[in-house]
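Please look at the model before reading on.

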Amino acid sequence: MFWDLAVVFFAASGLVLLLWCLIGTMLHPIFGAETVTFLAVDGDGETLEQQSRAFAWLRDGRACGGKLVLIDCGLSKEGKDCVKVLCERYPWLVVCGPSE
């Protein structure tokens, strides 16, 4: 009797897990290469590397896609150096001025 209940429980749990995964896959947002995300940056870009890594993590998980456009709203020399390094590291990272 106990083993019958255990088998029924695990079979039902497996079915629920399978349905959960299938529905999650169907409802997962898929962003194309045309998507553009804008981020205004200024100062010395203290959090810029962390924000770029977070965007890369989202891209790897397919939660977002496309390009990340950094809008220069007064970056210092250190900030511009940081942006230059990040642009070399991530090909999907683009920098523009506020008037562009």
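The protein chain holds 3 helices and 3 strands, where helices (H or I, at least four residues) and strands (E, at least two) are DSSP runs numbered from the N terminus. Along the sequence these elements follow the pattern α-β-α-β-α-β.

This is a predicted model, in which local features need pLDDT of at least 70 and side-chain atom pairs count only at pLDDT 80 or more, while totals for chains, interfaces and linings use all residues. Residues are numbered from 1 along each chain as its sequence is written, and side-chain values use heavy atoms, with hydrogens and water left out.

Along the principal axes, the C-alpha atoms fill a box of roughly 75 × 25 × 20 Å.

Of the 100 residues in the protein chain, 25% are buried. Buried means under 20% relative accessible area, exposed over 50%, and partly exposed in between (1.4 Å probe, protein chains only).

The structure holds 0 disulfides, a disulfide being a pair of cysteine sulfur atoms within 2.5 Å. Cys 73 is in no disulfide, and its nearest cysteine sulfur, that of Cys 96, is 8.6 Å away.

| Residue | Relative accessible area | Class |
|---|---|---|
| Cys 21 | 43% | partly exposed |
| Cys 73 | 44% | partly exposed |
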